[in-house]
Amino acid sequence: MTLKAKKSEICHLLDMANVLQDEATKNNIIHVFDDGGYRELLLTKMFGLQKIAGRHGDDGIDIGTGKQYELKTVNLIDTKGKLRHKPGITTCHHVNHEIIKRYRAVSGFLIGIFYINDPARIYEVPPKALEHHFKKWESRLLNEENLKHINNPKIPFLDIINEGILHYQDEMYDVYFEAIQKSERASYVKNEVKKLLDEARRKKIQEAKIDLKI
């Protein structure tokens with residue numbers, strides 16, 4: 001059984017989240033939900049996964065198959081409200097041999113790329129596609145003196161796009177990914193692309209308010 005995104009499971013959550021964020025923005029609150037709980041909720045519900053209670057890390061499990069996934073999210077908007085250019089995917093603040101072994105054992109990394117509260121794209125990346133990163137981290141742990149763990153090594157943004165299986169995309173945000181893949185200047189992405197996305201989001205939020213009678 002392969003993963004299949006079901007947006008119908010989260011439509012009502014997306015509408016409520018966008019309205020909440022609109023109110024938060026009026027009070028200079030950039031991200032109404034932190035640290036990642038809302039985003040992980042969307043990932044688990046969309047793909048029918050269950051968070052593993054008591055486990056270290058962001059593991060999700062498919063109860064039907066027993067397959068485990070490493071859940072990661074990244075926000076394209078930083079805490080100052082600026083659009084980020086190819087942000088790296090964070091891993092763990094103490095990556096060691098045990099963590100690397102766990103990464104190799106999961107069925108995949110399920111990575112949600114968000115624009116504030118909206119999932120823009122969701123990729124599944126097989127561990128074998130990240131093996132060169134695992135080997136690099138292992139080499140550092142083995143060869144650098146007194147290095148017991150690595151503090152949050154990042155997976156490059158383009159590795160996710162190029163190596164991952166695209167399970168979900170919101171076409172509204174395609175302009176960002178197209179600009180990134182065309183190697184557009186960072187200044188163009190951060191300014192011109194952000195203007196386009198912000199206008200599209202304003203329309204979307206207004207429609208949600210009408211639907212929710214707010």
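Is Phe 33 buried, partly exposed or exposed? Phe 33 is partly exposed, with a relative accessible area of 23%. Buried means under 20%, exposed over 50%, and partly exposed in between, using a 1.4 Å probe and protein chains only.

A word on the model. It is predicted: local features need pLDDT of at least 70, side-chain atom pairs count only at pLDDT 80 or more, and totals for chains, interfaces and linings use all residues. Residues are numbered from 1 along each chain as its sequence is written, and side-chain values use heavy atoms, with hydrogens and water left out.

Now the rings. The whole structure holds nine aromatic pairs. Phe 33 pairs with Tyr 38: centres 4.5 Å apart, planes at 15°, so this pair is stacked. Rings of Phe, Tyr and Trp (its six-membered ring) pair if their centres lie within 6.5 Å; planes under 30 degrees apart are stacked, over 60 edge-to-face, the rest tilted. Tyr 38 is buried, at 11% relative accessible area.

Next, Phe 157 and Phe 177. Their centres are 6.2 Å apart and their planes sit at 15°, so they are stacked too. This pair links distant parts of the chain, 20 residues apart: Phe 157 is in helix H5 (residues 157-163), Phe 177 in helix H6 (residues 174-181). Helices are DSSP runs of H or I, at least four residues, numbered from the N terminus. Phe 157 is buried at 2%. Phe 177 is buried at 0%.

Phe 177 has another neighbour. Arg 121 lies over its face, 4.1 Å from the ring centre. That term needs CZ of Arg, or NZ of Lys, within 6 Å of the ring centre and within 35 degrees of the ring normal.

Last, a cluster. Ring pairs join Tyr 103, Phe 109, Phe 134 and Trp 137.

Note on methods: Helix = DSSP H or I, 4+ residues; strand = E, 2+ residues; numbered from the N terminus.
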